[in-house]
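I opened this notebook to keep track of what I looked up, one entry at a time. The structure comes first, and my entries follow.

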Amino acid sequence: MSFNPKGNAFSLFAKNSDIGESSETLPAKVSGGALDLSFNHRYLSAALTLTSAESILLTAAGIGRPLLIKGVGDTSLLYLVSPMNQ
């Protein structure tokens with residue numbers, strides 16, 4: 001996943017040697033510096049099923065640090081995802 005504050009964009013990229021590649025860029029409010037992080041997609045998608053919020057807040061402290069996921073307006077969701085080792 002990539003955060004691009006200049007383009008106000010959030011990008012997801014997946015690559016599998018058996019299946020191929022996929023990428024998606026979404027408009028987002030991004031603050032801070034540009035950042036590229038790697039996570040297991042199953043852990044990220046699990047968090048999305050736990051909230052009915054229309055928007056989520058992703059907070060990243062940097063490379064090698066966990067990602068915090070919160071539902072905007074949903075105080076019941078507080079989800080921490082550890083990055084993959086690179």
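Entry 1, a loop residue. I looked up Lys6 and found it in the loop between β1 (2–4) and β2 (9–16), where strands (E, at least two residues) and helices (H or I, at least four) are DSSP runs numbered from the N terminus. I noted that this is a predicted model, in which local features need pLDDT of at least 70 and side-chain atom pairs count only at pLDDT 80 or more, while totals for chains, interfaces and linings use all residues. Residues are numbered from 1 along each chain as its sequence is written, and side-chain values use heavy atoms, with hydrogens and water left out. Lys6 has a relative accessible area of 81% and is therefore exposed; buried means under 20%, exposed over 50%, and partly exposed in between, with a 1.4 Å probe and protein chains only. Lys6 and Ala34 are 28 residues apart in sequence, and their C-alpha atoms are 8.1 Å apart in space.

I searched the whole structure for salt bridges (a side-chain nitrogen of Lys or Arg within 4 Å of a carboxyl oxygen of Asp or Glu) and found 1. Glu21 forms a salt bridge with Lys15, with the closest N and O atoms 4.0 Å apart. Glu21 counts as exposed because its relative accessibility is 55%, and Lys15 is exposed as well, at 65%.

I then asked how many aromatic pairs the structure holds. It holds 1, formed by Phe3 and Phe10, which are tilted at 5.3 Å centre to centre with 45° between the planes. Rings of Phe, Tyr and Trp (its six-membered ring) pair if their centres lie within 6.5 Å, and planes under 30 degrees apart count as stacked, over 60 as edge-to-face and the rest as tilted. Phe3 counts as buried because its relative accessibility is 12%, and Phe10 is buried at 12%.

Entry 4, the sheet. I read an open sheet of 4 strands in the order β3-β2-β1-β4, with antiparallel pairing, where two strands pair if DSSP finds at least two bridges between them. β3 (20–27) and β4 (35–36) stand at the edges with a single partner strand each, so one side of each has no neighbour in the sheet. The antiparallel strands β1 and β2 are joined by 3 bridges, and Ser2 has Ser11 as its bridge partner in β2.
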